[in-house]
Amino acid sequence: MLFLLLPLLAALFPGGDSDEPVSFHVIQTSSFHNHSWVHMGSGWLGELQTHSWNSSSDTFIYLYPWSRGNFSNREELMDLESFFWENFIGIQEVYTDYFMFEDPFDLQMATGCELHSGKGFLCFLQLAIQGSDFMSFQNETWSPSPEGGIKAQEFCKLFNLDQGFVQGYAHTLLSDTFPHFTLALLDAGKAHLQRQVKPEAWLSSGPSPGPGHLLLVCHVSGFYPKPVWVMWMRGEQEQQGTQRGDILPNADGTWYLRATLDVAAGEVAGLACRVKHSSLGGQDLVLHWGAPPSALGWILSAVTVALALLTGLGFWFRKHW
């Protein structure tokens, strides 16, 4: 059944980069303090957060209506939540039974799958302690990370001896649960994921980078999906001094970017910021620094000239009649 659903990737992202995988992963952070656990978790489809974890009820919080995937009933979702609690979150308490870590300490687990067009799923399960890699699950075997030292080696040996856990939990999680749920999310959320939102752009000046220089700033905001091209231009020539910041998320799920250019004050004439984005349909957004008069400005100028000519003709006729 799983392989029959793999062509969904191409249908969801037509014309997209086939080398760019689509991923779903869950990040779980557990803090152990005063002999008790506090769990925090989140689920991500690519860079979009789709789930969070309610530690009071030990259940998922679905951040979008389609975050439930295309499961047909609540029972399926409850089974999935139970599976995560018993295996992905509850398993962390095993650490305190076998090893004496310093109290407090933080433990992070990340698991998920990347869906590659034409290649299927590549899934992973990784564990870190105090921010350092500890162990990972690969090829149906737990492997220690060099940073984990002797404790990681002992823990991997312990887990690998438990074939019921290795085959039952880890194998099921990576070969069935995550691929199934990832495809369910992609299917249910395709309208949201395929939407196109046009960017808005405006220009401003930043703090002066030095005497006789200006910092030109091009702001681009509100666009979706994330890939965007922004460059300061002089005519058709790209300005290699353009500095792009990080693409940052807006609260509504769209993105924001700014591009700056350090330029001598006497060389600003003819500069423009050009924006390319899939939502623009091939029509680049171009903002000129010191923009030329708009069409309305030209119309007003023409009307002014016409009135001046009519006034002059009126004086001429009055003088000769």
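This section describes the fold, strand pairing and selected residues of a predicted model.

In this predicted model, local features need pLDDT of at least 70 and side-chain atom pairs count only at pLDDT 80 or more, while totals for chains, interfaces and linings use all residues. Residues are numbered from 1 along each chain as its sequence is written, and side-chain values use heavy atoms, with hydrogens and water left out.

The protein contains 8 helices and 17 strands. Both are DSSP runs numbered from the N terminus: helices are H or I with at least four residues, and strands are E with at least two. Of the 321 residues, 38% are buried. Buried means under 20% relative accessible area, exposed means over 50%, and partly exposed lies in between (1.4 Å probe, protein chains only). The accessible surface is about 18,300 Å². Carbon and sulfur atoms contribute 58% of that surface. Accessible areas come from the Shrake-Rupley method with a 1.4 Å probe; for residues, only the protein chains shown count as cover. Among contacts with a separation of 6 or more, 56% link residues 24 or more positions apart. Contact means heavy atoms within 4.5 Å.

An open sheet is built from 8 strands. Their order is E4-E3-E2-E1-E5-E6-E7-E8, with antiparallel pairing. Two strands pair if DSSP finds at least two bridges between them. Strands E4 (59-62) and E8 (141-144) form the edges, and each pairs on one side only. On average, neighbouring strands of this sheet are turned by 20 degrees against each other, direction ignored. Helix H5 (residues 149-161) packs on the sheet. H5 touches strand E7 (132-138) and E8, and its direction makes about 175 degrees with that of E8. Axes are lines fitted to C-alpha atoms, for helices over the stretch in contact; angles run from 0 to 180 degrees between N-to-C directions.

Within the sheet, strand E1 (residues 22-33) runs antiparallel to strand E5 (residues 105-116). The two are joined by 11 bridges. Serine 30 has leucine 107 of E5 as its bridge partner. Glutamine 130 lies in the loop between strand E6 (120-129) and E7. Its phi is near 55 degrees, a positive value in a residue other than glycine. Glutamine 130 counts as partly exposed because its relative accessibility is 45%.

Strand E11 (229-234) has pairings with E16 and E12. With strand E16 (residues 271-276), E11 pairs in the antiparallel sense over 6 bridges. Methionine 233 is the bridge partner of glutamate 238 in E12. The hairpin of E11 and E12 has 2 residues between the strands, and glycine 235 takes a positive phi near 65 degrees there.

A cis peptide bond joins tyrosine 224 and proline 225, with omega about 5 degrees. Proline 225 sits in the loop between strand E10 (213-223) and E11. Tyrosine 224 is also in contact with threonine 254. This threonine lies in the loop between strand E14 (248-249) and strand E15 (255-264). Threonine 254 is buried, with a relative accessible area of 5%. Leaving aside neighbours within four places in sequence, its other contacts include Val197, Gly222, Phe223, Leu248 and Pro249. A polar contact of 2.6 Å links the side chains of threonine 254 and aspartate 252. A polar contact is a pair of N or O atoms within 3.5 Å; within protein, one must be able to donate a hydrogen and the other to accept it, and residues adjacent in sequence count only if both atoms are side-chain atoms.
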